[in-house]
Amino acid sequence: VSSFIGDDFIDLSEVAVKTGEKVVHISGFIGDVKINAPKKVPFMLTANVTIGDIRIFENKYEGLVQSKTYKSPGYDAATARLRIQVTKFIGDVTCW
């Protein structure tokens, strides 16, 4: 998913991965990204913002040039998993 200006809402709550690792790339210049996290598949989220906040569940990171990675329980050992990569220049990234 790529956008220049605008907000993105990505619902991954019901995503299924049969085998291997699948990757979702989300990028944009200006705008927020809201991700409804996978409930059935272990995942890793890497979020990068130049100006904006990153919120991953209850954790909030504020300021300039933020880069955070979150791994759900069981991600490293999973044979089927999802990797989510988010890059925004100006905007907030929220994952719940």
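In which strand does valine 65 lie? The model examined here is predicted. In this model, valine 65 belongs to strand S8, which covers residues 64-71. Is valine 65 buried or exposed? Its relative accessibility is 65%, and exposed means over 50%, so valine 65 counts as exposed.

Phenylalanine 57 also has a positive phi, of about 55°, and it is not a glycine either. Phenylalanine 57 sits in a loop. Phenylalanine 57 is partly exposed, with a relative accessible area of 34%.

The strands were examined next. Five of them form an open sheet, in the order S1-S3-S9-S5-S8. The pairing in this sheet is mixed. Strand S1 (2-5) and S8 are the edge strands, and each pairs on one side only. On average, neighbouring strands of the sheet are turned by 10° against each other, with direction ignored. Strand S5 (residues 43-51) and strand S9 (residues 80-90) pair in the parallel sense, over eight bridges. Asparagine 48 stands opposite threonine 87 in S9.

Which residues have the most contacts inside the largest nonpolar core? They are Ile26, Ile35, Phe43, Leu45, Leu82, Ile84 and Val86, in a core of 21 residues. Strand S3 (20-30), strand S4 (33-36), S5, S6, S9 and S10 each give two or more residues to this core. In soluble globular proteins, nonpolar side chains tend to be buried together. Isoleucine 26 illustrates the contacts in detail. Neighbours within four places in sequence are left aside here. Isoleucine 26 then touches Val1, Asp8, Ile10, Val33, Ile35, Ile84, Gln85, Val86 and Thr87. Ile35, Ile84 and Val86 are also among the core residues with the most contacts.

Tryptophan 96 lies in the segment after strand S10 (93-95). Is tryptophan 96 buried, partly exposed or exposed? It is partly exposed, with a relative accessible area of 40%. Tryptophan 96 and asparagine 36 are 60 residues apart along the chain, yet their C-alpha atoms are separated by 5.4 Å. Apart from neighbours within four places in sequence, tryptophan 96 is in contact with Phe9, Lys34, Ile35, Asn36, Ala37 and Phe57.

Notes. Residues are numbered from 1 along each chain as its sequence is written. This is a predicted model: local features need pLDDT of at least 70, side-chain atom pairs count only at pLDDT 80 or more; totals for chains, interfaces and linings use all residues. Side-chain values use heavy atoms; hydrogens and water are left out. Helices (H or I, at least four residues) and strands (E, at least two) are DSSP runs, numbered from the N terminus. Buried means under 20% relative accessible area, exposed over 50%, partly exposed in between (1.4 Å probe, protein chains only). Two strands pair if DSSP finds at least two bridges between them. Axes are lines fitted to C-alpha atoms, for helices over the stretch in contact, and angles run from 0 to 180 degrees between N-to-C directions. Contact means heavy atoms within 4.5 Å. A nonpolar core is a set of buried Ala, Val, Leu, Ile, Met, Phe, Trp, Tyr and Cys residues joined through side-chain atoms within 4.5 Å.
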